[in-house]
Amino acid sequence: MQSCSIRLSDACNLLFQSIQSLKMAPDKLRAGSAAAAKLWNTCDADLWEEALNDYNRSIELIHDNSSKAQTKLSKQSIVQDRKWVDEKLTLSIREQKFITLEELERLMVWKLRRGVYRPTLMSLIRKNSAETVEAISQTALSMIETEPEKVVEACKTLTELHGVGPATASLILSVVGVAAFMSDEAMDAVLGLPRSYTIPQFTKFQKAVKGKVAELSGEWTPDLVEKALFATAMIDKYNG
């Protein structure tokens with residue numbers, strides 16, 4: 001009886017992810033994505049560095065243009081959340097070897113503010129128990145700690161959590177620098193349309209970004225490549 005319950009739960013999660021993918025695949029590029037695509041198509045290190053340096057400013061622009069619903073998600077601002085993700089959460093996950101439910105909830109707030117506001121995701125995240133979040137994330141993160149190339153397997157493992165599809169899984173993995181967050185703007189720049197949030201698309205996206213990391217060399221990581229693309233899109237969207 002227990003195994004049937006587990007299979008039904010897995011099936012429901014897969015159905016949810018499929019529905020979300022269909023809902024979140026509009027037929028036009030996000031604002032600013034064309035500018036990000038232009039950056040993607042160059043290997044000029046100076047341009048990439050300049051774009052990355054604009055990242056903090058891009059978050060400030062989002063803060064200035066957030067909807068009331070996004071602003072009310074928590075007492076902390078998106079600027080404060082940015083600092084928390086980049087400075088505290090990264091260290092926390094690396095030391096703990098897992099992410100807590102409380103951290104996952106705040107990371108989801110960050111995601112909903114940084115991108116399109118989808119309020120149902122937060123309620124789904126809260127269906128997870130603290131123990132389940134820690135256990136599953138520890139399993140996923142232990143894979144990449146010893147074998148970084150297992151990022152796809154780690155992503156699949158994280159999607160076992162309620163409300164965590166490939167995009168949110170990529171966000172968790174991006175915090176420790178092993179994957180690029182599947183933000184709409186970065187996806188548009190790297191892969192174009194149609195935009196989908198599936199494991200095959202995750203695999204394709206990460207492979208392409210990893211190739212760009214190799215082209216840029218230096219201290220670039222998949223996470224930094226995404227941030228440069230995202231910043232370029234936001235600067236163009238709000239200041240273009």
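In the predicted model, helix α13 buries Gln 201, Phe 202, Phe 205, Gln 206, Val 209, Lys 212, Val 213 and Leu 216. These residues lie on the same side of α13, because the arc they cover around the axis is only 125°. An α-helix has 3.6 residues a turn, so residues three or four places apart point the same way. The cover over the buried residues of α13 includes α2 (33-40), α3 (45-53), α10 (151-158), α11 (166-175), α12 (184-191) and α14 (222-239). On the face turned away from the buried side of α13, the exposed residues are Pro 200, Lys 204, Lys 207, Lys 210 and Ala 214.

Helix α13 comprises 18 residues (199-216). The N-terminal end of α13 is capped by Thr 198, with a side-chain oxygen 3.2 Å from the backbone nitrogen of Gln 201. Ser 217 follows α13 and has a positive phi, near 55°.

The chain as a whole contains 14 helices and zero strands. Of its 240 residues, 48% count as buried. Contacts between residues at least 6 apart in sequence join residues at least 24 apart in 70% of cases. The accessible surface of the chain is about 11,900 Å², and carbon and sulfur atoms account for 54% of this area.

Methods
Residues numbered from 1 in each chain as written. Predicted model: local features only at pLDDT ≥ 70, side-chain atom pairs only at ≥ 80, totals over all residues. Heavy atoms only, no water. Helix = DSSP H or I, 4+ residues; strand = E, 2+ residues; numbered from the N terminus. Buried < 20%, exposed > 50% of the residue type's maximum accessible area, 1.4 Å probe, protein only. Contact = heavy atoms within 4.5 Å. Areas by Shrake-Rupley, 256 points an atom, 1.4 Å probe, with all protein chains shown as cover. Expected span 1.5 Å × (residues − 1). Arc of directions from axis to C-beta. Polar contact = N/O pair within 3.5 Å; in protein donor to acceptor, adjacent residues only side chain to side chain.
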